[in-house]
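Let's take a walk through a protein together, one step at a time. Keep the sequence and the 3D view side by side as you read.

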Amino acid sequence: MAQLSDKHKALLKGHHFGVVGTVGEDGRPQTSVVWVDTDGENVIFNTTNKRAKGRNLRTNPRVSISVWDNEDPYKYFEVEGPVELDEEGAGEHINELSLRYDGKPFHTPVDRLIVRIKPERVLDHGVND
């Protein structure tokens with residue numbers, strides 16, 4: 001299992017964004033810009049069960065995510081790995097993210113899903129230079 005560096009974790013705890021890629025049942029890729037977080041070991045984002053990400057992850061629980069530094073988008077890292085899905089505490093988590101990114105509570109914190117990506121592969125592109 002790969003590990004996130006301290007600089008990766010700092011980006012994940014800041015106001016930076018990620019693009020997550022999932023694969024649908026039909027084999028088509030799907031990408032979305034997401035708010036990002038970490039528990040110190042995994043990359044975390046939040047979605048709903050109804051969105052394409054949530055549906056795709058139920059059938060194929062593997063993702064790739066790229067997270068970039070807003071100050072220098074040429075500095076970014078990619079994480080690939082399996083995910084763990086958790087509905088418990090997901091409404092509170094999206095509120096925490098909304099307060100960090102938007103400065104206000106999330107408008108609809110229901111039917112939420114926390115997605116934890118367990119890093120199998122971490123590719124650094126200038127973050128740790």
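This is a predicted model: local features need pLDDT of at least 70, side-chain atom pairs count only at pLDDT 80 or more; totals for chains, interfaces and linings use all residues.

**Starting at one asparagine**

Begin by finding asparagine 42, which touches Leu4, Asp37, Arg116, Ile117, Lys118 and Pro119, leaving aside residues up to four places away in sequence. Touching, or contact, here means heavy atoms within 4.5 Å. Residues are numbered from 1 along each chain as its sequence is written, and side-chain values use heavy atoms, with hydrogens and water left out.

Where does asparagine 42 lie? Look in the loop between strand 3 (37–38) and strand 4. Helices (H or I, at least four residues) and strands (E, at least two) are DSSP runs, numbered from the N terminus. Is asparagine 42 buried or exposed? Its relative accessibility is 4%, so asparagine 42 counts as buried. The term buried means under 20% relative accessible area, exposed means over 50%, and partly exposed covers what is in between (1.4 Å probe, protein chains only).

Now move to the charged residues. Side chains of opposite charge can pair when their charged atoms come close. The structure holds ten salt bridges, a salt bridge being a side-chain nitrogen of Lys or Arg within 4 Å of a carboxyl oxygen of Asp or Glu. One of them joins aspartate 39 to arginine 116, with the closest N and O atoms 4.0 Å apart. Aspartate 39 sits in the loop between strand 3 and strand 4 and arginine 116 in strand 7, so this pair ties together parts that are 77 residues apart in sequence. Aspartate 39 is partly exposed, with a relative accessible area of 42%, whereas arginine 116 counts as buried at 17% relative accessibility.

Arginine 116 also forms a salt bridge with glutamate 84, where the closest N and O atoms are 3.4 Å apart. This pair links distant parts of the chain, glutamate 84 being in strand 6 and arginine 116 in strand 7, 32 residues apart. Glutamate 84 forms a salt bridge with lysine 118 as well, the closest N and O atoms being 3.7 Å apart. Lysine 118 lies in the loop between strand 7 and strand 8 (121–125) and glutamate 84 in strand 6, so the pair ties together parts that are 34 residues apart in sequence. Both partners are partly exposed: glutamate 84 has a relative accessible area of 33%, and lysine 118 has a relative accessibility of 29%. Put together, Asp39, Glu84, Asp86, Arg116 and Lys118 are linked in a network of salt bridges.

Next, turn to helix 2 (residues 52–59), in which Lys53, Gly54, Asn56 and Leu57 are buried. Seen down the helix axis, these buried residues fall within an arc of 165° (taken from the directions from the axis to the C-beta atoms), so they line one face of the helix. They pack against strand 1 (17–23), strand 2 (29–35), strand 4 (43–48), strand 5 (62–69), strand 6 (72–86) and strand 7 (112–117).

Finally, step back to see the whole chain. Its secondary structure comes to three helices and eight strands, which follow the pattern α-β-β-β-β-α-β-β-α-β-β along the sequence. Buried residues make up 44% of the 129 residues. Among contacts with a separation of 6 or more, 70% come from residues 24 or more positions apart.
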